[in-house]
Amino acid sequence: MRIRWNSVRARRGVAATEFAVLAPILGLIALGAYDFGNAVQTSIRLDRAVRTGAQHAVLQPRDFAGMRAAARAAWPALTDGELPMPTEACLCGGSTVACSATCGSGLVRPVTVTARRSVQPFILGGLAARAGSATVRVQ
């Protein structure tokens, strides 16, 4: 019986020691999972906002303020700095030209809506900057 009691007394602090070793590791894993989930959620929201702005561009190809307003309506927390005005380029045969130029193969006008937002990660610093972009060809 005496051997058994000494054995129990010797194991009493093992669980506390194991917890002290594993708790920081589990904490880092939990913070990393939170950072990753927050970055993914931000990317999804940005993509949805710029896609909404691009859908407005299909209906109103010259209404840049409306495209921006549609993107902001999809995610009202976006600021002017995070959601710049949409841009338009004019392409003729794959080359950028002035929008007033004539093009034998037909002038292509892609409109691009972009948004950027920074997140504050706890440990995964590479996930700090998130961006979304959508480009649609308009006539």
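Buried means under 20% relative accessible area, exposed means over 50%, and partly exposed lies in between, with a 1.4 Å probe and protein chains only. The views below show a predicted model, in which local features need pLDDT of at least 70, side-chain atom pairs count only at pLDDT 80 or more, and totals for chains, interfaces and linings use all residues. Residues are numbered from 1 along each chain as its sequence is written, and side-chain values use heavy atoms, with hydrogens and water left out.

View 1. Ile-123 sits in the loop between strand S4 (109-118) and strand S5 (129-138). Helices (H or I, at least four residues) and strands (E, at least two) are DSSP runs, numbered from the N terminus. Ile-123 is partly exposed, with a relative accessible area of 40%. A nonpolar patch of about 860 Å² includes Ile-123, along with Leu-28, Tyr-34, Phe-36 and Phe-122, among others. Patches take residues with over 30% relative accessible area and no salt bridge; like charges are joined within 9 Å, nonpolar side chains (Val, Leu, Ile, Met, Phe, Trp, Tyr) within 5 Å. Accessible areas come from the Shrake-Rupley method with a 1.4 Å probe; for residues, only the protein chains shown count as cover.

**View 2. The open sheet.** Three strands line up in the order S1-S4-S5, with antiparallel pairing. Strand S1 (87-88) and S5 are the edge strands, each pairing on one side only. Two strands pair if DSSP finds at least two bridges between them. S1 and S4 are joined by two bridges in the antiparallel sense. Glu-88 has Val-111 in S4 as its bridge partner.

**View 3. Helix H2 over the sheet.** Helix H2 (residues 14-59) lies across S4 and S5, at about 20° to S5. Axes are lines fitted to C-alpha atoms, for helices over the stretch in contact, and angles run from 0 to 180 degrees between N-to-C directions. Leu-26 belongs to helix H2. Leu-26 counts as exposed, at 55% relative accessibility. Leu-26 and Ala-65 are 39 residues apart in sequence and 47 Å apart in space, C-alpha to C-alpha.

View 4. Where is Val-113 found? Val-113 is part of strand S4. Val-113 is buried, with a relative accessible area of 1%. Setting aside residues up to four places away in sequence, Val-113 touches Val-50, Gly-53, Ala-54, Pro-86, Gly-132, Ser-133 and Ala-134. Contact means heavy atoms within 4.5 Å. Val-113 and Val-50 are 63 residues apart in sequence, but 5.6 Å apart in space, C-alpha to C-alpha.

View 5. The buried residues of helix H3 (residues 64-74) include Gly-66, Met-67 and Ala-70. H2 and S4 are among the elements that cover the buried residues of H3. Arg-68 counts as buried, at 17% relative accessibility. Asp-80 forms a salt bridge with Arg-68, the closest N and O atoms being 3.3 Å apart. Asp-80 lies in the loop between H3 and S1 and Arg-68 in helix H3, so this pair ties together parts twelve residues apart in sequence. A salt bridge is a side-chain nitrogen of Lys or Arg within 4 Å of a carboxyl oxygen of Asp or Glu. Arg-72 also meets Asp-80 in a salt bridge (2.6 Å, N to O).

**View 6. Glu-88 and Arg-62.** The whole structure holds five salt bridges. One of them joins Glu-88 to Arg-62, the closest N and O atoms being 3.0 Å apart. Glu-88 lies in strand S1 and Arg-62 in the loop between H2 and H3, so the pair ties together parts 26 residues apart in sequence. Glu-88 is partly exposed, with a relative accessible area of 27%.
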